[in-house]
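Here is a short tour of one structure, meant to be read with the model open beside it.

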Amino acid sequence: MRLLAFYQFMPPYPGAVARRGYSLAEGFAKQPALKIKYDLQFYTATPNAILVSGVSIIYLPVNEIKNIDRLYRRAFNELKLGWAAGRKMFNDSKTAGVWVSSPPYLTACVIIFFAIIKRVPYILELRDLYPQVYAEAGLLRRNSVIYEFLSAISRFLYKKAKAIIVVTDGLKKIVKKESGDTPVIPVWNGFPEDLLKIKWMKHKRFTVCCHGVLGYLQDVEAIRGIAELLVVDDIDFLVIGYGRKASLLTCDRPQNLRFLGTLPFEQTIIEVSRCHVGLSLLLENAIAHTAFPTKVWEYIGLGIPSIVTPRCEAGIFLERNHCGFQFPAGDIEGIARAILELKKNPSQLEKMASCCAKTAPSFTREKMAEVAAGYVAHFLGLGEKKNATLNKGN
């Protein structure tokens, strides 16, 4: 019997989703109930994906779906990927179950429809909520026919799933309202445990960093604004990433801001580890309040205090564990004051870094993946689910 999983990206692709997919594949392979009984297969659109012992990684040769594409082109490519994946994944009747990760949202919808037609039970992983993200990005109006149609599809897919795995407690509360009797379980992203071993020397000048997607929902304008406020205070800003708003960092940027574009994950982490404070700034919207960005987990794993906007699940975690601060979206003056205070007070910065180091070991991505794989075994009737108290931040 086969157990299938779909992740759009896998390493060496540098994105956070690829690293989560890889960790989950390892988690599947470590579950005796899954490894012994099933042929484990992961489907991905990443060519030459890094292999995982005990798991078959199967490449889907389709065009890459890019965040910078126009909506209609992105939608077409997502549907095309879903069709290619569905046809290849369900060409064998001996399939016990499938794990489908979304986004890409339309791809996930197509794959799940294949699963329903083939009567294959599925577990849906949601890292973002659609079509809500389309509305928050200004791509769809909430009162439009298309939005209502997509919302109805999402509710249908939620109710048909064996279980839904989400990445924050906030997402759980939202999805639970529309999922009927389907179990909704939070399993946080965490960070690669290798980050705990990284100890690079910090930059001589106090340096603030931000890395990852620079798209519709990220407050790239605030990064520029904060850098401009602190340009006379000998504080540098380092940004690594890609997306629609990257151009805001390439022209007429403050002299204390460096933009490195896209780097491989390993190099990104080295650059980030040499900084003193991390930023994760999102614009104000309903979804942002449920957010726990992967970059924040990586800051914690590297022992770097961080600052987030708006007030959200990540911010609550940071303040509860004395690992950082949260501010309302757009409060560039408040954030600038907090950064300057940390620069002037090295003992406070060191205390917060120590709190990060103390908190981090309980939240590695490897531990989170084993929890998720345990739920897969449980919902396929292969044993008890893993204890998930790790996900509560206590």
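Predicted model: local features only at pLDDT ≥ 70, side-chain atom pairs only at ≥ 80, totals over all residues.

How do the two helices cross? The axes of H12 (residues 332-344) and H13 (residues 346-359) come within 5 Å, with a crossing angle of roughly 100°. Angles of 65 to 115 degrees count as roughly perpendicular, so that is how H12 and H13 lie to each other.

The largest nonpolar core holds 93 residues, and Phe28, Phe42, Trp99, Phe237 and Ile339 have the most contacts inside it. Helix H14 (residues 365-379) is the top contributor to this core, giving eight residues.

Trp99 is worth a look of its own. Beyond its neighbours within four places in sequence, Trp99 touches residues including Leu4, Phe28, Ile123, Glu125 and Ile165, as well as Ala372 and Val376. There is also a second, separate core of 46 residues, with Phe6, Ala85, Tyr105 and Leu126 among them.

## A cysteine pair without a bond

What is the disulfide count? It comes to zero. For Cys323, the nearest cysteine sulfur is that of Cys356, 3.7 Å away. A disulfide needs the sulfur atoms within 2.5 Å, so the sulfur of Cys356 is too far from that of Cys323 for a bond. Cys323 is buried, at a relative accessible area of 0%, and Cys356 is buried at 0% relative accessibility.

Terms used: Residues numbered from 1 in each chain as written. Heavy atoms only, no water. Buried < 20%, exposed > 50% of the residue type's maximum accessible area, 1.4 Å probe, protein only. Axes fitted to C-alpha atoms, helices over the stretch in contact; angles between N-to-C directions. Helix = DSSP H or I, 4+ residues; strand = E, 2+ residues; numbered from the N terminus. Parallel < 35°, antiparallel > 145°, perpendicular 65-115°, else oblique. Core = buried A, V, L, I, M, F, W, Y, C linked by side-chain atoms within 4.5 Å. Contact = heavy atoms within 4.5 Å.
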